[in-house]
Amino acid sequence: MKKLEIPKIAIGNYDAEKLNETFATLEAQKIECCNWPEQFPYIPKASFKAFHNGEKLFLQFCVTEKDIHSVITENFGEVWTDPCVEMFISPEEGCYYNYECTCVGRMLAACHRTDTATERMSLETLATIERYPSLGNDNFALREGETTWSMIEVIPVATLFNHKIESWDGKRMRANFYKCGDNLPNPHFLSWNSIEFERPNFHLPEFFGEVTFAK
């Protein structure tokens, strides 16, 4: 099982440039576990970096992949079918949240519990998650050859909407990070922590790694 400590960095006013400067000081974590190589052998380059400031978690995903398009136009659409980066995080056993985002910032998020139905994040709460896509916000047709892109997400701790957590400080959670694209010319399903399951499935918290948020 992989383990990661997410550093705490004080950051005041910021924009995409300021965030990129901060991320440049951090070590990248590779998303390279190809868990179903016989069915889906393609492995694009994918990684993430993370830090927090107590109130917000800052994520940067960096990807280089070939032959991509962006067709999902709405939040809570089938975002996993486009070039998509994801974080699934579990603040307690039996419950996890998924944050899934396309290369142009279309997103879905929900809370999953083993004992109750999935609860989708409200549009109002989803809107508090800032997104900075390097490719812009517009959809686009197939781009042949390699494309390099990044996505920065700024995730308030309050988006863990079924938990009364006031700060990321010192928290210990389980998580996994993913890169996928189900409907791309080269479909793929990569993870940070490996998954041992018969078919592609990211909704398996038993295969999450451990993340600790520094104080």
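A: Strand 7 and strand 8 (residues 107–113) pair in an antiparallel arrangement, with seven bridges between them. This is a predicted model. Within that pairing, Tyr97 has Cys111 of strand 8 as its bridge partner. Four residues separate the two strands, which form a hairpin. Gly105 sits in that turn, with a positive phi of about 95°.

Strand 6 (residues 84–92) also pairs with strand 7. Seven bridges join them, again antiparallel. Met87 stands opposite Tyr99 of strand 7. These strands form a hairpin too, with two residues between them. Gly94 in this turn has a positive phi of about 90°.

Now the side chains. In a regular strand they alternate between the two faces of the sheet. From strand 7, Cys95, Tyr97, Tyr99 and Cys101 point one way. Tyr96, Asn98, Glu100 and Thr102 point the other way. Both sets are buried. Strand 7 spans residues 95–102, and eight of its eight residues are buried, so it is largely enclosed by the rest of the structure.

Tyr99 leads on to the core. The largest nonpolar core has 59 residues. Tyr99 is among those with the most contacts inside it, along with Ile89, Phe177 and Val211. Another core lies apart from this one; it has nine residues, among them Tyr14, Phe23, Phe58 and Val154.

Leaving aside neighbours within four places in sequence, Phe177 is in contact with residues including Met87, Glu86, Phe48, Trp192 and Val211.

How values were computed: Residues numbered from 1 in each chain as written. Predicted model: local features only at pLDDT ≥ 70, side-chain atom pairs only at ≥ 80, totals over all residues. Heavy atoms only, no water. Buried < 20%, exposed > 50% of the residue type's maximum accessible area, 1.4 Å probe, protein only. Pairing = 2+ DSSP bridges. Core = buried A, V, L, I, M, F, W, Y, C linked by side-chain atoms within 4.5 Å. Contact = heavy atoms within 4.5 Å.
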